[in-house]
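Please look over the protein shown here before reading the report.

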Amino acid sequence: MDCMVFRKRLNDLVEDNIAYDLKDAMLQHIVECEECRTVYEDELSLDAAIKKGLSIDSKAFKSSRTQIMKSIDKNKYGTSPMKKFMNHLRKYRGTYTSIAAVITVAIVITPYIGKSGLGFTAKKSENMSNAQIASKSSESFKNEMSTAKSAPKMQSNSVKGQAEAKQDTSLAITNRDIPERAFEKKALNKTYMPNFNNGWTDSVNKKYSATVEGRGISSEDEGVATIVVKEAVTENQWAFNLLNNEDQQSSPKSVYWIDDEKLLVIVGIAQGHASKGGNLYMLNTNTAETITADPKNTANLQNGSEIMRVVSTNKLPNNQLEINIEVSVYDDDIQNEFHAENRIIIVPIK
Ligand SMILES: [Zn+2]
């Protein structure tokens with residue numbers, strides 16, 4: 001066997017999708033050829049990393065993965081679309097600088113695979129040689145992806161007709177999974193200055209202020225953020241860190257004061273720029289007790305829909321709180337196009 005044949009069938013070998021005799025010949029080849037052995041070992045570790053990346057224990061990611069699997073055109077890509085997807089990542093791995101980047105890209109590009117299978121790269125290959133694709137840095141590739149994601153039109157406060165409202169219901173997936181969250185409260189030094197934050201928000205009577213530190217001024221940078229709360233008079237400060245987040249997949253994204261004690265916190269996916277919102281939680285900054293703001297999904301959000309921001313809150317009698325939220329609503333069941341809508345939820349507060 002020569003190196004060219006080996007390289008040509010390498011993917012099949014990694015997938016263990018070849019005839020016995022060819023497999024033997026290839027395994028014999030890597031005993032003799034150090035160069036091909038290195039390439040093969042790289043492929044194997046990349047394969048393992050991608051598989052690991054795709055089974056990240058993040059409920060949000062899992063749900064979009066299910067969505068991809070459902071929406072990939074099976075006629076076009078055969079019965080194992082995930083295999084094709086992985087082959088695709090392998091093929092273009094020169095585009096990415098590291099395995100971690102591949103995993104990030106895997107997460108970032110998931111919303112795109114739906115509409116046209118792996119169409120977006122197919123399109124690329126028509127206009128660009130592989131070498132050109134490979135020469136693109138991972139950063140520019142990711143940026144391209146995030147631009148593509150922000151392309152869906154946002155229509156604020158859109159007024160929806162009856163027909164459209166009906167369509168929403170058909171897209172809604174009722175058993176939306178909202179993970180429980182918990183925060184750890186830690187005292188900070190008074191002189192601590194949160195940087196890379198999205199500005200301070202005062203509580204209702206300006207007793208406290210809060211900020212989300214670690215995601216930049218618009219809270220859209222990647223990474224796991226910390227909520228910092230400061231008491232106006234004493235200048236005491238506390239950090240609230242998301243617990244059970246060892247895989248660094250989730251992050252608080254924005255905060256909204258209900259009064260001088262409780263914060264509404266949007267927690268979403270930490271990595272990638274695709275996801276701007278998340279799920280809504282209520283954090284008691286005194287006790288650090290955290291509850292899911294709308295556990296029964298009375299907002300009737302589709303799977304994959306996110307709460308983008310809290311618009312306003314209004315305390316009702318009987319310890320009820322009315323929360324006006326802006327949410328993303330998908331216009332198609334493959335989550336490519338969405339618009340913003342306002343929803344009102346009513347939740348109990350102590
Ligand atoms: Zn060789």
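## Basis and overall make-up

This is a predicted model, in which local features need pLDDT of at least 70 and side-chain atom pairs count only at pLDDT 80 or more, while totals for chains, interfaces and linings use all residues. Residues are numbered from 1 along each chain as its sequence is written.

The protein has twelve helices and twelve strands, where helices (H or I, at least four residues) and strands (E, at least two) are DSSP runs numbered from the N terminus. Of its 350 residues, 31% count as buried; a residue is buried if 20 or more other C-beta atoms lie within 10 Å of its own, exposed if 12 or fewer, and partly exposed in between, with the C-beta atoms placed from the backbone. Among contacts with a separation of 6 or more, 60% are between residues 24 or more positions apart, a contact being two residues whose C-beta atoms, placed from the backbone, lie within 7 Å.

## The largest nonpolar core

In soluble globular proteins, nonpolar side chains tend to be buried together. The largest nonpolar core here holds 35 residues, and the members that touch the most others are Ala210, Ile227, Leu264, Val265 and Ala293; such a core is a set of buried Ala, Val, Leu, Ile, Met, Phe, Trp, Tyr and Cys residues joined through C-beta atoms within 7 Å. When neighbours within four places in sequence are left aside, Ile227 is in contact with Ala210, Val212, Phe240, Pro252, Val255 and Val265.

## A sheet of five strands

Five strands form an open sheet in the order β1-β5-β4-β3-β2, with antiparallel pairing. Its edge strands are β1 (183-188) and β2 (201-202), each of which pairs on one side only; two strands pair if DSSP finds at least two bridges between them.

Strand β3 (residues 208-213) is joined to β2 by two bridges in the antiparallel sense, with Asp202 standing opposite Ser209 in β3. Six bridges, again antiparallel, join β3 to β4, and there Ala210 has Val229 in β4 as its bridge partner. Strand β4 (residues 226-231) also pairs with strand β5 (residues 237-242), antiparallel and over four bridges, and in this pairing Val229 stands opposite Trp238 in β5.

## Strand β8 and its partners

Strand β8 (residues 279-284) is largely enclosed by the rest of the structure, because five of its six residues are buried. On strand β7 (residues 262-269), β8 has an antiparallel partner over six bridges, and Val265 has Tyr281 in β8 as its bridge partner. Strand β9 (residues 290-292) is joined to β8 by three bridges and runs antiparallel to it, with Met282 opposite Ile291 in β9.

## Residues with positive phi

Most residues other than glycine have a negative phi, and most peptide bonds are trans. Against that background, Ala288 has a positive phi of about 70 degrees although it is not a glycine, and this residue belongs to the hairpin of β8 and β9, which has five residues between the strands. Ala288 counts as partly exposed because it has 16 C-beta neighbours inside 10 Å.

Gln248 also has a positive phi, near 60 degrees, and is not a glycine; it lies in the loop between β5 and β6 (250-257). With 14 C-beta neighbours inside 10 Å, Gln248 counts as partly exposed. In the hairpin of β2 and β3, which has five residues between the strands, Lys206 in the turn has a positive phi of about 60 degrees.
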